[in-house]
Amino acid sequence: MVTDAALDLLDEVGLDAVSTRRLAQRLGVEQPSLYWHFRNKEQLLAAMAEAAMTPHAQAPLPAPEDDPLEWFRDNARSLRRTLLQRRDGARLHAGSRPAGDDLGRIEHKLAFLTSSGVPETVARMALLAAGRFTVGSVLEEQADLGREREEGIAPAVDHEAAFEAGLGLLADGLARHANAHAHAGPGPRH
């Protein structure tokens with residue numbers, strides 16, 4: 001309930017204006033009572049970031065029959081949609097670290113990519129690069145949306161097209177690594 005109210009506050013006022021004082025007012029409680037749930041604002045923001053990621057965390061994990069490159073693209077698109085659901089969603093998520101169930105989901109995704117022929121180090125870097133690319137893309141998109149709201153200007157960039165172009169480049173790079181690994185074959189025999 002507290003986290004839901006904090007996310008509603010985020011959507012109304014933006015990340016810079018979220019405070020424990022404002023949240024306490026929204027909930028009709030005294031500010032010190034929030035410390036029962038969160039020791040400080042950083043813990044509150046971490047809980048908000050985790051809750052805001054729920055739609056992406058509930059997305060289906062890849063199945064063995066899935067196409068790895070299409071799944072890779074869909075996974076990044078799911079992250080993008082989730083970040084865009086909240087005002088300043090990318091800023092809220094940036095710098096957060098996976099924990100708990102998220103770690104298991106990441107390991108499943110890595111196992112899927114490696115079982116599809118992607119070397120583990122490449123799979124790890126591909127997921128990290130796609131995540132950071134997605135957060136950065138949404139960060140820019142949300143900053144532009146804020147300026148557009150304030151200044152009443154038309155968007156200068158087709159953010160979805162730009163995201164899809166960059167995602168395609170990442171997927172192409174992943175495919176090249178997977179293909180190079182598949183064509184390398186077994187090493188020399190001694």
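In this predicted model, Thr3 touches Phe38, Ala47, Met48 and Ala51, leaving aside residues up to four places away in sequence; contact here means heavy atoms within 4.5 Å. Thr3 is found in helix α1, helices being DSSP runs of H or I with at least four residues, numbered from the N terminus. With a relative accessible area of 18%, Thr3 is buried (buried means under 20% relative accessible area, exposed over 50%, and partly exposed in between, with a 1.4 Å probe and protein chains only).

The model is a predicted one, in which local features need pLDDT of at least 70 and side-chain atom pairs count only at pLDDT 80 or more, while totals for chains, interfaces and linings use all residues. Residues are numbered from 1 along each chain as its sequence is written, and side-chain values use heavy atoms, with hydrogens and water left out.

Helix packing comes next. Two packed helices are described by the angle between their axes and the distance between the axes. The axes of helix α5 (residues 68-84) and helix α7 (residues 101-115) come within 10 Å and cross at roughly 150°; axes are lines fitted to C-alpha atoms, for helices over the stretch in contact, and angles run from 0 to 180 degrees between N-to-C directions. Helices α5 and α7 are therefore roughly antiparallel to each other (angles under 35 degrees count as roughly parallel, over 145 as roughly antiparallel, 65 to 115 as roughly perpendicular and the rest as oblique). From α5, Pro68, Trp71 and Asn75 make the contact, and from α7, Lys109, Phe112 and Leu113. By class, this contact of α5 with α7 has four nonpolar, one polar and one charged residues; Ala, Val, Leu, Ile, Met, Phe, Trp, Tyr, Cys and Pro count as nonpolar, Asp, Glu, Lys and Arg as charged, and the others, Gly among them, as polar.

Helix α7 also packs against helix α8 (residues 120-151), their axes coming within 9 Å and crossing at roughly 130°. That angle makes α7 oblique to α8. On the α7 side, Glu107, Lys109, Leu110, Leu113 and Thr114 meet Glu120, Ala123, Arg124 and Leu127 of α8. The contact of α7 with α8 has four nonpolar, one polar and four charged residues.

Turning to charged pairs, a search of the whole structure finds 11 salt bridges, each a side-chain nitrogen of Lys or Arg within 4 Å of a carboxyl oxygen of Asp or Glu. One of them joins Arg26 to Glu12, with the closest N and O atoms 2.5 Å apart. Arg26 lies in helix α2 (residues 20-27) and Glu12 in helix α1 (residues 2-13), so this pair ties together parts that are 14 residues apart in sequence. Arg26 is partly exposed, at a relative accessible area of 34%, whereas Glu12 is exposed, at 53%.

Arg77 and Glu164 form another salt bridge through their side chains, at 2.9 Å from N to O. Since Arg77 lies in helix α5 and Glu164 in helix α9 (residues 159-184), the pair ties together parts that are 87 residues apart in sequence. Arg77 counts as partly exposed at 21% relative accessibility, and Glu164 is partly exposed as well, at 27%.

The side chains of Asp88 and Arg91 meet in a salt bridge at 3.9 Å, N to O. Here Asp88 is buried, with a relative accessible area of 16%, while Arg91 is partly exposed at 36%. Elsewhere, salt bridges that share partners join Glu70, Arg73, Asp74, Arg77 and Glu164 into one network.

Methods
Helices (H or I, at least four residues) and strands (E, at least two) are DSSP runs, numbered from the N terminus.
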